[in-house]
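My entries follow in the order of the look-ups.

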Amino acid sequence: MIDDKQDIINVLVAFFTEECEWEKLCDHNLINDSERKQIIDNIFNKYCIPKERKYSDLANRSYGYDGIYNYNPATENIESINIIRNKAVVTTISKEPFSESFQYILRKTQKGWLIDSKKIYSAWEQKWKRAIL
């Protein structure tokens, strides 16, 4: 269980880090459209469950801007990890640009722990809602 938790933390932090670096490359126009798609495809293939993501168009994926990136390991903190068999629910809190709570659902596969989906907490509706990963 302790090894699983550390593996989960490692996967999420690596995903956040690579996503953040990709966002910086995009934001500063350091890569072309073809490279942009190839890099994000590689990130998803490495850290996420392979499946159709109806609301996530990787070819036209949005990204943050200088100082406020969507995935920033320096500003998104892991608050809790709950593991039930081969499924983990990880709750994080992001402080910038404003305070938000997220849940990442990971599944243990033959490749190890992979990210399956993401949710955001709606304080207005007082429930977790599906978010685009």
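**Entry 1**

I began with Gln126, which is exposed at a relative accessible area of 62%. For the record, exposed means over 50% relative accessible area, buried under 20%, and partly exposed in between, with a 1.4 Å probe and protein chains only. The model is predicted: local features need pLDDT of at least 70, side-chain atom pairs count only at pLDDT 80 or more, and totals for chains, interfaces and linings use all residues. Residues are numbered from 1 along each chain as its sequence is written, and side-chain values use heavy atoms, with hydrogens and water left out.

I found Gln126 in the loop between β4 and β5 (127-131). Helices (H or I, at least four residues) and strands (E, at least two) are DSSP runs, numbered from the N terminus. Gln126 is not a glycine, yet its phi is positive, about 55°. Most residues other than glycine have a negative phi.

I then turned to Arg85, in the loop between β1 and β2. Arg85 also is not a glycine and has a positive phi of about 55°. Its relative accessibility is 73%, so Arg85 counts as exposed.

**Entry 2**

How many bridges join β1 and β2, and in which sense do they pair? I noted eight bridges, in the antiparallel sense. Two strands pair if DSSP finds at least two bridges between them. Two residues lie between the strands of this hairpin. Ile81 stands opposite Val90 in β2.

Ile78 sits in strand β1. I logged Ile78 as partly exposed, at 27% relative accessibility. Beyond residues up to four places away in sequence, Ile78 touches Ile9, Leu12, Val90, Thr91 and Thr92; contact means heavy atoms within 4.5 Å.

**Entry 3: the core**

Next I looked up the largest nonpolar core, which has 24 residues. Such a core is a set of buried Ala, Val, Leu, Ile, Met, Phe, Trp, Tyr and Cys residues joined through side-chain atoms within 4.5 Å. Those with the most contacts inside the core are Ile8, Phe15, Tyr104, Leu106, Ile115 and Leu133. Two or more residues each come from α1 (2-27), α2 (33-47), β1 (76-84), β2 (87-94), β3 (100-109) and β4. α1 gives the most, with seven residues. In soluble globular proteins, nonpolar side chains tend to be buried together.

Residues up to four places away in sequence aside, Ile8 touches Ile81, Ile83, Ala88, Val90, Leu106 and Trp113.

I checked Ile40 in helix α2. Ile40 is buried, at 0% relative accessibility. Its C-alpha atom is 8.9 Å from that of Glu18, 22 residues apart along the chain.

**Entry 4: Asp116**

Is Asp116 buried or exposed? I have it as buried, with a relative accessible area of 9%. Asp116 is in strand β4 (residues 112-122). Its side chain makes a polar contact with the side chain of Lys51, at 2.9 Å. A polar contact is a pair of N or O atoms within 3.5 Å; within protein, one must be able to donate a hydrogen and the other to accept it, and residues adjacent in sequence count only if both atoms are side-chain atoms. Leaving aside neighbours within four places in sequence, Asp116 is in contact with Ile49, Lys51, Arg53, Ile105, Leu106 and Arg107.

**Entry 5: cysteines**

Cys20 is buried at 3% relative accessible area. Cys26 is buried at 0%.
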